Amino acid sequence: MTIDREIDHLHPAMAGRVRGLIDRLKAEGVPMAVFETYRDPDRQAQLKLEVGSTKARAFQSAHQFGLAADFAMFHPHS
């Protein structure tokens, strides 16, 4: 299963908010990036099986509806 990082795969209203947040973070020099956006039900179910990953089963996460995005810190020189 692949990780979807495409902002365009989010609900349009959510995509706009994520883009705005990315712009603000970049302007502030905060090294954050989108780690995951849309999650298909199979990926969500797999994450549920991984201890500590999530409590949400398939279709219980906002990711399946394009309403969530995960961010991660990164080191810009890595």
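F65 sits in the loop between α2 and β2. This is a predicted model. F65 is partly exposed, because its relative accessibility is 48%, and the band for that class lies between 20% and 50%.

Together with F59 and L67, F65 makes a nonpolar surface patch. The area of that patch is about 330 Å².

## V51 in the loop

V51 also belongs to the loop between α2 and β2. Helix α2 covers residues 41-49, and strand β2 covers 70-73. Is V51 buried or exposed? V51 is exposed, because its relative accessible area is 86% and the cut-off for exposed is over 50%.

V51 and S61 are 10 residues apart along the chain. Their C-alpha atoms are separated by 16 Å.

## The chain as a whole

The chain contains two helices and two strands. Their order along the sequence is α-β-α-β. Helix α1 spans residues 12-28. Strand β1 spans 32-36. Helix α2 and strand β2 follow at 41-49 and 70-73.

The C-alpha atoms fill a box of roughly 35 × 30 × 20 Å along the principal axes. The chain has 78 residues, and 26% of them are buried. Its accessible surface comes to about 5500 Å². Carbon and sulfur atoms own 56% of that surface.

Take the contacts with a separation of 6 or more: 67% of them join residues 24 or more positions apart.

M14 lies in helix α1. Which residues does M14 touch, not counting those up to four places away in sequence? They are G66, L67, A68 and A69. L67 is also one of the residues in the nonpolar patch with F59 and F65.

M14 and G66 are 52 residues apart along the chain. Their C-alpha atoms are separated by 7.4 Å.

The chain carries 10 positive and 10 negative charges. The mean positions of the two sets are 6 Å apart. Side chains of opposite charge can pair when their charged atoms come close. The structure holds four salt bridges.

One of the salt bridges joins R19 and D8. Their closest N and O atoms are 2.2 Å apart. R19 is in helix α1, and D8 is in the segment before α1. The two residues are 11 residues apart, and the pair links distant parts of the chain. R19 is partly exposed, because its relative accessibility is 36%. D8 is exposed, with a relative accessible area of 58%.

R43 is found in helix α2. R43 counts as buried because its relative accessibility is 12%, and the cut-off is under 20%. Beyond its neighbours within four places in sequence, R43 is in contact with M1, T2, I3 and E36.

With E36, R43 also forms a salt bridge. The distance from N to O is 2.5 Å. How much relative accessible area does E36 have? The value is 1%, so E36 is buried.

R39 lies in the loop between β1 and α2, while D70 lies in strand β2. The two residues are 31 residues apart, and their pair links distant parts of the chain.

R39 is buried, because its relative accessibility is 7%. D70 is partly exposed, because its value is 26%. Which residues do salt bridges with shared partners join into one network? They are E36, R39, R43 and D70.

Conventions: Residues are numbered from 1 along each chain as its sequence is written. This is a predicted model: local features need pLDDT of at least 70, side-chain atom pairs count only at pLDDT 80 or more; totals for chains, interfaces and linings use all residues. Side-chain values use heavy atoms; hydrogens and water are left out. Helices (H or I, at least four residues) and strands (E, at least two) are DSSP runs, numbered from the N terminus. Buried means under 20% relative accessible area, exposed over 50%, partly exposed in between (1.4 Å probe, protein chains only). Patches are made of residues with over 30% relative accessible area and no salt bridge: like charges are joined within 9 Å, nonpolar side chains (Val, Leu, Ile, Met, Phe, Trp, Tyr) within 5 Å. Accessible areas come from the Shrake-Rupley method with a 1.4 Å probe; for residues, only the protein chains shown count as cover. A salt bridge is a side-chain nitrogen of Lys or Arg within 4 Å of a carboxyl oxygen of Asp or Glu. Contact means heavy atoms within 4.5 Å. Lys and Arg count as positive and Asp and Glu as negative; His and the chain ends are not counted. The place of a charge is taken as NZ of Lys, CZ of Arg, CG of Asp or CD of Glu.
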